[in-house]
Amino acid sequence: QENASTLEQVKQRGYLSCVIGNSFPGFYSLNKDGEWQGMDIDMCRGVAAAVFGDATKVKFMPVQWAQSFTTIKSGEGDMMSKGMTWTLSRDSSQGVDFLETYFYDGQGFMVRKDLGVKSVKDLKGATVCVLTGTSSELNLADYSRTHGLDLKTVVFDDSAVRNTAFFNDNCDALTNDKSGLAAQRSAAPNPADYVVLPETISKEALSFAVKQNDSEWANVVKWTFEAMVAAEEYGITSANVDDMRANSQSPVVRRILGVEGDLNVGLGLSKDWAYNIIKSVGNYGEIYERNVGPNSVLGLEREGTLNALWENGGMMYAKSFR
Amino acid sequence: MVIQGVTLALVLALIAYLGSNAAYNLDRLGMMFGFDFLSSTAGFDISWSLIPYDPSMTYWRVFLVGITNTLVLAFNVILFGTIIGTVVGILRLSSNPLVALLARSYVEVVRNVPLLIQIIFWFTAVFSTLPPPRRGYALGDLFFLNNRGFYFPSPHSDVSFLWFAGAIVVFVGAAWLLYRKARATRFHQTGNRKVVRTGWFIWAVALVLACIIGNGFVEWSIPALDGFNLEGGQYVPVAFGAAFVAMTVYRSAAIAESVRAGMESIDRGQHEAARTIGFSRYQMLRLILIPQAIRAIIPPLANSWLVAVKDSSLAVAIGFPELVSVFMQTSINQTGRAIEIISMVMGFYILVSLIISYLLNQYNARVQYKVM
Amino acid sequence: MSQFNEARATVSEAASRPAIRIDGLNKWYGAHHVLRDVSLTIAEKEIMVVCGPSGSGKSTLIRCLNHLEEYQEGAIAVFGHELQRDQKTEKFIHQTMGMVFQNFNLFPHLTVLENCTLGLTWLRKKPEAEAREIAMTLLERVGIAQLANRFPGQLSGGQQQRVAISRSLAMDPKIMLFDEPTSALDPEMVKEVLDVMVNLAQTGMTMVCVTHEMQFARQVADRVVFMEDGEIVEVGPPEQVLLNPQWDRTKAFLDHIL
Amino acid sequence: MSQFNEARATVSEAASRPAIRIDGLNKWYGAHHVLRDVSLTIAEKEIMVVCGPSGSGKSTLIRCLNHLEEYQEGAIAVFGHELQRDQKTEKFIHQTMGMVFQNFNLFPHLTVLENCTLGLTWLRKKPEAEAREIAMTLLERVGIAQLANRFPGQLSGGQQQRVAISRSLAMDPKIMLFDEPTSALDPEMVKEVLDVMVNLAQTGMTMVCVTHEMQFARQVADRVVFMEDGEIVEVGPPEQVLLNPQWDRTKAFLDHIL
Amino acid sequence: MNSDAQLKRFVPSPARKPKDSEMTVLRWIRSRCFNSVGNSILTLLVLGLVFYVLDYALNWAVFDAVWHASNRRECMDISPGGACWAGVIDWFNGLMYGRYPIEEQWRVNLGVVLAVAWLLPLSCRSLAHRSLMLVSWIALYPFLGAWLFLGGGFGAETGPFHAILTSLAAGFMAMCYVNWLLAMLKRPSLTDIIYPLVARFVARQTHIFSLLLVWLVFSGVAGGLLSQVALAPVAIERWGGLFLTLIIASFAITMSIPIGVLLALGRRSKLPVIHWLCLLIIELVRAVPLITVLFMAVTLLPIFLPSDMELNKLSQVLCAVCLFAGAYMAENIRGGLQAIPRGQYEAAQTLGLGYWMTMLLIILPQALRLMIPNIMTSFISILKDTTLVSIIGLFDIMLMARNIANDKNWIGLHTEPLAMISILFFVMCYGMSQYSINLEKRLKVDR
Ligand SMILES: Nc1ncnc2c1ncn2[C@@H]1O[C@H](COP(=O)(O)OP(=O)(O)OP(=O)(O)O)[C@@H](O)[C@H]1O
Ligand SMILES: Nc1ncnc2c1ncn2[C@@H]1O[C@H](COP(=O)(O)OP(=O)(O)OP(=O)(O)O)[C@@H](O)[C@H]1O
Ligand SMILES: [Mg+2]
Ligand SMILES: [Mg+2]
C-alpha cells in the first residue's frame, strides 16, 4: 500500500484529493452555494476527469501554508494546485516535485493615483501591505534590500483586511501577485483612484506539485494539463469535442481524443481520458476565460501576456501528442 | 495502589506509542528534528519590533521579537484593562441607574462578542480610517497620530537619556520615602491631612522642574514628515493600537465583572457596620470594601492577566507581529519545523503562566487573613 | 387596634426626656407587613430589652432606629431630631447611636486595635496616637487589651463580640443598640459579653437590647418589650412582663425559653 | 493519670452487654493532643449525655465513634466488633449507627422526602414506594409529614433538625449519635427537637448526645460524661454529675451554663 | 404568677397594604440621576454618549443601509455611507450551512429540531427517569445526529455499531414521546404497563429490566424503519457555517462537563499518580492559548498518530477544543467541590454511601449547581472561542463571512458580515447568560 503508485491509490480510493488553500479569488474560492471555483479547482477536476472520467470525483482539501507540503508528502493529498510558486528550495527540499506551470504571474504594486508615483523606485520609505506567509513577503524584503528602498511592511493574514487597510490609506502601496491586483483594485470604493505600477519584481510560476519520485502519477497530472493546452491549440472546446471526436480528420486531434493510437496505455488511463477532460472542464482557454479572464473576478486580459498560447507570443506550449 | 500502577503504565505506554509514531512519521516524511534552524537567517521582514531586527537576522531573533512584541502588547492591555475594568466595575454598582445601566451594557456587549471579531472591527472600522500621515493629527509637532501609527519623540543618545531616567527614578523614590516619613510622623501625630496634601503639591512641582532641567541634557529625535511617512522618533503601528484597544476593552469587561463580584461578595454586615460607625459612601469604599474585595478580586484578576497574555495571540488576525504571527505562522511556513516551533511557543506561554501563578500564590499567602 | 396601642403607650411613658420616640412605625418587605403600628418611647439612660419569637420583627425595629432600613410609615425621633433620609440626619444618627450586631461584623482585614481606631482617625480626625489611647482604654475595659494586635479571625466569638462593643463605644455614642449580641456565642462565652453589657448599663448609657437572656433582662432592664408578628404585645418592667405576663403569647414564649 | 481513669471505669461499668466500648482512646491533630486516654463503656439502650466546655473534644470523641475521624491509639468496639479501617467495618458502622449534626447537614438539593429515602433506595435497595412509606412514617413521628416535599432551605432550623433525625432513623440504626443537635437553633425551636429526642429515648434506642441542654440530661440521661481538655473528668448518673459534681471544673462549667 | 385563665388571648392584627407611595417616575429620576451636581453631569454625559453612539450605529445599520442589490458596486452607488446588507442576505445560506448541499439542508434543520425535541419531555415533571433523558441526549443523540448529517445508507458507510446506536437513540426518543403522551393522558407509562409481566420472570431489578425491554423493542422497530431510509452522503468537509460552529461548540460544551468532572476529581484524588497527572493536564492546557492548541492539533496530531489513521480536520479540532474546554471546566468544578461544606461529605458517609455514590448523588449535583454561573461563563467562552477555528481554516461562520469579501460580486465586503455575526453571537451568548441567571434564581429556591 505504502509503495503503490499514487495513481493506483487514487483509483482504489475512488476520488482524487487535491490540496488547495482557503481562498484565492480566481484560483480557488467558495461561491455562495459553497461550491469551490477557480482555475486551480478546474485543474484538479480535469485530473479527476482524466482518471475516472468523472470530474466530480475530487475532494478539495483547503490546508494552511504550513501543512501544504506535509499533506502531499504523507500521501494525504494527491496533488497540490494552490497557486504555489515554483521555487528551487521548495522543489528540492520539501519532498515534492513541481510539474507544469499553469499560470505565469509576477509580483506587482498598486498605489493611489494621487501619490504621483510612476515606478516602484519612487516608493522609498513607503509602507507596503502584504500577506503573510507568501513568497510576496520574502520578495518584498529582498527587493527593498537590493534597491535600498527601506520599505516598511505591514503584514496581514487575511486579504480582505489587507485590502481595506490599503483603501483606508494605511499603506502607501499594496503588493501582491499581479493577477490579484486587478481584482483588488475592483474592490476599491473608487477603482479609478488606483494604479498598478508597471514593474514586476518577481517571477511567480504557479505550478502543480506532487509527491517526489512518482513519475507515473506525475505524468498523469502533467499530461492532463498538456491536453488542455493542446486542445486549445487545436481548437477543441467542450462544446465541439463530441463533434471533433466523431468527425475530425486531423490525426493529432484523433490521437488526443483517443480515437486513434494508444497514447493512453503509457499513462495508465482509459482511452478517452483527454476527451473526458475537455468535455467536463474545457480547454485551457476556456478555463482561463471562466476563472481569471476579463469577465471574471480578476478581469485579466490574456492577450500579450505570458499566459497566451505560444502562437500568440505567450508561454503556453503543448508538448507533442505522439 | 493497583489503580495508580495501571494508570502510570498506561500513561507511559501512551507516551511511548506516540513517540514511536512520531519517529516513524518524521522519518517517512523526511522531516528533521532539531533546533539548528534557529541560527539560520530568517529572510523576511517584521513590520514592527521593539528590539532591533532586520531580515538578515536569525530565527532565534524572530522568536525574541515575537516574545517582546507579545509582552509589550499584553502588558499594556493588562495595565489599562485593569484600570478601566475597575472603574467600570465600580460604576456598575453606582446609585445612578443610568450610569449603572451604561456600565452594564458596556460589559454585556463587549463580553458577548468574540474577541477575534472585535479586533478586526477596531482595526478596519476605526483605526484604519484615521487620516493618512499628511493629514494626521499632531500635538505640538511632537506627537502624531495617523493611520500608520502613533509617533512620539524618543531620546537620541542613550547615555544622556539613561542619566536623565536614572535621575527621575531616584528623585521619585526619594520623594516617596520622604512622603512616607512625613506621613508616619506629622500626619499620625497631628491628624492634619493638609501636611500630606501640601507634600504632594510640592513634590509635583519639583518633578516638573526636574523634568524641564533634565530635558536640557537630552537630545530628542522628533518625528517629522519625510516622504511617505513620518521619520524620526518612535512609533507604534495602528495594528498595535487596534489590538490594544480591542483587547483592553474586552479585558476591562471581564475585569469589571470580577470587581463587581468581589465587591458583592463582601458580607452585607460589613456595609452595615461601616455605616453605623458613620463612614460616608466613599470612605466605606476606600477603607472597608475595597481592601476586603481586593482579596476576592486578585485571583480572578491574575487569571484575567494570564488570559490577556494568551489572547494577545489573536492579534495575528490583523497582522500585528506577535509571537504566534511571526513564529508559529511565518516561521513554520518558511522552515517546516512544526514540532520545535510549536513547543517553543507553548513553552513560552507556560513559563509566563507559571510566573504569574507563582506571584499570585505569593500574594495570596501574604494577604489571607490569619483565620477566617 | 390603635386603642390597643394607646393603652400600652401610657404604660411606656417614661419620666425623663425621651432619647428615642417611635410613632406609628409601619414597614413592609414587598407585600410582607413586618412592623405594624409600632409606637414606643425610650427615655434617656433607660435600658430597654426587646424579646419575642423569631421573625417577629425585633431586628427590623432596631435597624430602623439606626437608619439601616427604610420604613414606609410613621416617624422616629432621636433626642427630638426627626429622622429623615438626608446626609445630615444620617450623620447625626451615627454619631449618637452605636450598634452591636449578632455576627460581630468586625472588619477582618484590620487588627483589633485598628478596628477601634478607624472611626476615630477618619471621622473624628483624631491624631493616631490619641485614637490608640482611647481604643486601648476601651479594650482594657472589656478585658482584651492584650489582644489588640491580633486579627479578628484569631479570636473566639466572645472576644470578637467584646471588640465589637469597644469599636462602637470608641465613637462615644449616646445610645447603644444591641441585636442579639450573644446568640452566636458558645454558652460559656455568653457570660463574658453579658458582663460587659451589665457594666455598660451601670454607667448610665441608654441601651436598646434585643436578647433572649432573661437573666440579663431581670438584672438590668428598666423595661422589657415583647413583640410578636411585628406588633408590640406587651411592654413594662421586667418583673411584670417576665413573671406576670398579661398575654398568653408572652407566657407561651417565656415557657419555652426559660 | 491511668489510675484516675480506672477509678472511673468502675463507675461506668454498665449492667447489660456493652453497645460501645472505648478503650484508652488517644488522638492528636498534629501535635495537639485532643483525646487523652478516653475509656468508656456504653450499654445497650443506655442514654449517655456528653458535656463540657468548647474545645474539650466532645465532637472529636463522637466522630471517632462513627469513624469520621481516625485515631492514633486505643480501640473502639461496637457490639463487640473491633473497629478497623476497612470497607467491612465501615459498612457495619454506618448500618449500626446514625448521626445527627449540629448544622443538620441536610442535602440541600433534595426534598425532605428524598433526603430520607436516599439511603433506603440506594443502599438498602428498597423499592421506591416502600422507601417513601418508611420515610413518611418517620416524618410523621417527628411531626413534619406535611413538609415532605419542601426543600431544606425552605424550613426553619428546628424543622431541619427534625428532618435530619428522620433521615438517620430511616436507616434503622441501633445507636444514635447527636452532636449538639440544638445549639444552632433559635431558643423556641430547641424544644421541638428535644421533644423528638425524648420520645426517641423512650423507645429504648441507645443514644450518645453531646448537648448543653441540662434539662434534657436530667430528664432522660442514664449517665452524664463531663469532658475537659480531651479527658473525661467526671462520669455518672445525672443527679450526681449535675447536682453534685466532684470536681471544681465541672462545677465552674455548670455554674456558667445553668 | 397569674393563672392561665387570666391571660388575654393574643390575636395578631391583620396585615394591611402600604399606603400608595407618592413616588412618581419623574421624582424617581430626579432622586437618582440628578441628586447632586456631579451626578447630574454624569447623567448628561451618559445621555450624550448614548445618543452619539446610537445615532451613528442606527444610521449606518438601518436608515442608510441597502437591503437589495446585486453586487457591492451597486450598494455603494445607492448609499455610500450605509451598510450593504444585500451581500449578507445573498450569502445567508452559506453563512448558515457552509458548503452543505442545498437540497440536503433540511437534514440540518431536522437535526436541530430533533436535538431540541429530545429535551422537550423534560418539561413534564411527572415523567420518570428524567435525568436519563439528559444523559441519553449527551450519550445517544450525537449518533442520531451524525447519521442525519453524514447520511449514507443506514449502517453502510458508518458501520453496524453506529447503526445500532442510532436505532437505540431513535428508539429511546420514540419511547420518551410515547411515555410523555401517556403521562399527559394520566395513564401509566409503558414500563409500568409491562412491569407485572416482567415481574413474573425477573425477581430483582424488575424496573430496569422492563425499561430495557421496552426500549429494545422500540429500538428494533426504529432500526427496521431507518434501514429503509437512504440519505445522500454528505462529507464532513462540506459542513460549515453556523451549523459547524454550533456542532463544535455543542460538542465541546457537552464533553467539557464529563471531562471536567473526571479531571477535577482526579486532581482532588489522594492517589499521587492520578493527582499529578490530572494537575499536569489541567495546568498545561490552561497555560497556552487556544490557537496554539488548535495549531498543534492540526499540525502535530498527524505526526503523533499512526500514519494509516484517517483523520479529518474536524475531528482534530474537536479533540483540541474538548481538551481545552475540559481543562477549564475542571477548574470550575473543582471550585464547586471545594465550596461544598465538609458536613455534606460526612452526612453522606454516615448514611453509608461510598465514594462514587457520595460524589454522584450528593456532591456533584450541588457542586454543579453552585457553579452554574461559572459553568455558563465557560460555555459562553467556548462558544465565542469556536470562531478561532477559522484561523486554522475550518469553514465555520467566521471564515464563511470572511469569504464573502472574495466573492466576485461582493468583493471587499467584510464589515457587514462581521457586524451580522457579532449580533448573532451577542444574541446567543447574552441569551445563555440571561438563562443562567434565571436558572440560578430558580434553583436558589431549593436551598
Ligand atoms: N431583607 C428582607 N426581605 C424580606 N423579608 C425580610 C427581610 N428581612 C427580614 N424579613 C422578614 O421580616 C420579618 C422580621 O424579620 P426580623 O429579622 O426583624 O425578625 P427577628 O425578630 O429579628 O427574628 P430573629 O429572632 O430570627 O432574628 C421576618 O418574617 C423575615 O422573614
Ligand atoms: N480538623 C482539626 N484540625 C486541628 N485541630 C482540630 C480540628 N478539629 C478540632 N480541632 C481541635 O481539637 C480540639 C477539640 O475539638 P472538638 O471539636 O472536639 O471540641 P468540642 O468539645 O466539640 O467543642 P465545641 O463545643 O466547640 O463543639 C479543639 O481544641 C479544636 O481546636
Ligand atoms: Mg433578628
Ligand atoms: Mg463540637
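How many nonpolar, polar and charged residues are in the shell around ligand 2? By class, three are nonpolar, seven polar and two charged. Here Ala, Val, Leu, Ile, Met, Phe, Trp, Tyr, Cys and Pro count as nonpolar, Asp, Glu, Lys and Arg as charged, and the others, Gly among them, as polar.

The views show a predicted model, in which local features need pLDDT of at least 70 and side-chain atom pairs count only at pLDDT 80 or more, while totals for chains, interfaces and linings use all residues. Residues are numbered from 1 along each chain as its sequence is written, chains are lettered from A and ligands numbered from 1 in the order in which they are written, and side-chain values use heavy atoms, without hydrogens and water.

**View 1. The shell around ligand 2 in chain D.** The residues around ligand 2 (a heavy atom within 4 Å) include Tyr29(D), His32(D), Val34(D), Pro53(D), Lys58(D) and Glu180(D). Polar contacts are pairs of N or O atoms within 3.5 Å; within protein, one must be able to donate a hydrogen and the other to accept it, and residues adjacent in sequence count only if both atoms are side-chain atoms. An N or O atom in the side chain of His32(D) is 3.2 Å from a ligand 2 oxygen. A polar backbone atom of Ser56(D) is also 3.2 Å from an oxygen atom of ligand 2. For a polar side-chain atom of Glu180(D), the distance to a ligand 2 oxygen is 3.0 Å. Ligand 2 taken alone exposes 630 Å², of which the protein buries 63% (Shrake-Rupley method, 1.4 Å probe; for residues, only the protein chains shown count as cover). Strand S2 (32-43) and helix H2 (58-65) of chain D each give two or more residues to this shell. H2(D) gives the most, three residues. Helices (H or I, at least four residues) and strands (E, at least two) are DSSP runs, numbered from the N terminus.

**View 2. The shell around ligand 1 in chain C.** Among the residues around ligand 1 are Tyr29(C), Gly57(C), Thr60(C) and Glu180(C). A side-chain N or O atom of Tyr29(C) is 3.5 Å from a nitrogen atom of ligand 1. A polar backbone atom of Gly57(C) is 3.0 Å from a ligand 1 oxygen. Thr60(C) has a polar side-chain atom 2.4 Å from an oxygen atom of ligand 1. Ligand 1 alone exposes 630 Å², and the protein buries 60% of that. H2(C) gives the most to the shell, with three residues. By class, the shell has three nonpolar, seven polar and two charged residues.

**View 3. Ile362(E) in helix H18.** Ile362(E) is found in helix H18 (residues 355-370) of chain E. Ile362(E) is buried, with a relative accessible area of 0%. Buried means under 20% relative accessible area, with a 1.4 Å probe and protein chains only. Leaving out residues up to four places away in sequence, Ile362(E) touches Phe107(D), His109(D) and Leu118(D), and in chain E Gln344(E), Ala348(E), Leu353(E) and Met357(E). Contact means heavy atoms within 4.5 Å.

**View 4. Helix H17 of chain E.** Helix H17 (residues 342-351) is largely enclosed by the rest of the structure, because eight of its 10 residues are buried. Among them are Tyr345(E), Glu346(E), Thr350(E) and Leu351(E). Just after H17(E), Gly352(E) takes a positive phi of about 100 degrees.

How values were computed: Buried means under 20% relative accessible area, exposed over 50%, partly exposed in between (1.4 Å probe, protein chains only).
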